[in-house]
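Visitor: Could you take me through a few spots in this one? I'll jump around a bit as questions come up.

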Amino acid sequence: MIGGLRFVARLLVIAWTIWRFGLDDLALSGLRARRFRLLRRVTRLGRQWQQPRGVRLRLALEHLGPIWVKFGQVLSTRRDLLPPDMADELAHLQDRVPPIDPQLARSLVERAFGRPVGELFGSFDEHPVASASIAQVHFATLKDGREVAVKVLRPGMLDFIDDDLSLMRFVAGWIERLSSDGRRLKPREVVAEFDMYLHDELDLVREAANAAQLRRNMADLDLVLVPEMHWDLCSAEVLVMERMKGVPISQMERLVAAGIDIKKLARDGVTIFFTQVFRDGFFHADMHPGNIQVSIDPATFGRYVALDFGIIGTLTETDKDYLAQNFIAFFRRDYKRVAELHIASGWVPPETRVDALESAVRAVCEPHFDRPLKDISLGQVLMRLFQTSRRFNVEIQPQLVLLQKTLLNIEGLGRQLDPDLDLWATAKPFLERWMQQQVGWPALRDKLSREAPRYAHLVPEIPRLLHDALKAQARGSDPELRALVRELRSTNRMLALVLWAVVGFAAGVAATLVAGRWFGEYF
């Protein structure tokens, strides 16, 4: 009963927020049916808004709370769902929220490990250094003097998130029923993806595992630092990790004063991104400036420092191969290949004309080549591609939402560090090398070495399996096998008859010709 009342109360708050900021008018404006145009005129009576629609949407999400703010951040990457002005405004959403009470934070740490804070740490700063919608971070030192960061999950988040997610599913289903693009754009699947990301963030052990995997993957690159996890002090609610020291990447003046090569830093960022995506298929998917620092320590000078590993993107081998081929085709301006890849992947209907899709993609991409990053907006390119995809009924792939989000983050980071960075020229050699590693004898050797443990225990069984198969065939114990043998024998007899008939016919013709020539010569 209490849960139902809470659900209704939350629904009323959301309904009032929608009415207050005119979000109902935004939704009705996209529906072209006559009844919806009439409804919009009625609901607009006596209401007017001074702010642009994008600002109203952003303010509404901020008013609804941190979960809706985070959803708006994810939605800002889906430029197939929103016009550019609204997507750009949502990209400005920040999930900075007031910290929880210091004593409550201390008690949460003690409850997670069953010991007083004084026994766990040499010192513990009760005032957080960062506070976000899901968790907040405190600095501390261990008993042996090592400096650490303690991430504490906000209490009661699971129930709050589940309530709002159920409402998001309802809204997504409503959009699919009313919008002609609903089925293609899959809003319910977007909410499902958001659901998965949020619940992953609520398990700090999972975040620690993500960080450990990323640390191993990046160990040989020498371009990025990932904090070490203290596994004996990790739980679902509290996470203790190595304290990282660096300059926030947004503080450009400090970086320049420290002697950091900004242009190299920009190129390194592109290399890190494409390495994580195409080599590892495991990438940091929350790369906004608040989660990135730069080390100025002499031992690690100029390296990136990655923080917050709650959102990690993964790609299958099929996804990586498809994306790499698309990127390379784009870089080579082979738009026909891009069209063929879309059709072969099933992203567009099989009856789509290759030349028509090729022409549309060329019109979107060609104006943006040979221009510095400061003159290119990946957001605009993606938006035009999505508009083209609507024309050709392209199905948006929900598993690539995080990749779109991260790519836009890379664009923003590149603009900040080096506006003249040519993203295409920087990425093209990397992707070409990666593709070369996927084909030929080296790739075959690597795949065989990876599969060797799997087949090692199967190879000795091959003689026994062959023996069993031959014995089963000799006994004729398999009814389907016996039926197949009968069919083969019948077919063989028929083929033999046809063959003998052809041979006999040919022999008869030859005998007739020989006999005719002999009799002609004799008489």
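Visitor: Is Arg169 buried or partly exposed?

Guide: In this predicted model, Arg169 has a relative accessibility of 39%, so it counts as partly exposed, given that this class lies between 20% and 50%. Arg169 belongs to helix H9.

Visitor: And what is Arg169 in contact with, leaving aside its neighbours within four places in sequence?

Guide: With those neighbours set aside, Arg169 is in contact with Val191 and Asp195. Asp195 is 26 residues away from Arg169 along the chain, and the C-alpha atoms of the two are separated by 9.7 Å.

Visitor: Switching to Lys151, buried or exposed?

Guide: Lys151 is buried, because its relative accessible area of 10% falls under the 20% cut-off. Lys151 sits in strand E4, residues 147-153.

Visitor: What does the side chain of Lys151 make a polar contact with?

Guide: The partner is the side chain of Glu207, at 2.9 Å. Outside the four places on either side in sequence, the residues in contact with Lys151 include Ala135, Gln136, Val137, Leu204, Glu237, Met241 and Asp308, as well as Glu207 itself.

Visitor: Which order do the strands take in the open sheet of four?

Guide: The order is E5-E11-E10-E8, and the pairing is mixed. Strand E5 (224-225) and strand E8 (247-248) stand at the edges with a single partner strand each, so one side of each is left without a neighbour in the sheet.

Visitor: In what sense do E5 and E11 pair, parallel or antiparallel?

Guide: E5 pairs with strand E11, residues 304-306, in the parallel sense over two bridges, and within this pair Val224 stands opposite Tyr304 in E11.

Visitor: Remind me, through what do strands of a sheet pair in general?

Guide: Strands of a sheet pair through backbone hydrogen bonds, and they may do so either parallel or antiparallel.

Note on methods. Residues are numbered from 1 along each chain as its sequence is written. This is a predicted model: local features need pLDDT of at least 70, side-chain atom pairs count only at pLDDT 80 or more; totals for chains, interfaces and linings use all residues. Side-chain values use heavy atoms; hydrogens and water are left out. Buried means under 20% relative accessible area, exposed over 50%, partly exposed in between (1.4 Å probe, protein chains only). A polar contact is a pair of N or O atoms within 3.5 Å; within protein, one must be able to donate a hydrogen and the other to accept it, and residues adjacent in sequence count only if both atoms are side-chain atoms. Contact means heavy atoms within 4.5 Å. Two strands pair if DSSP finds at least two bridges between them.
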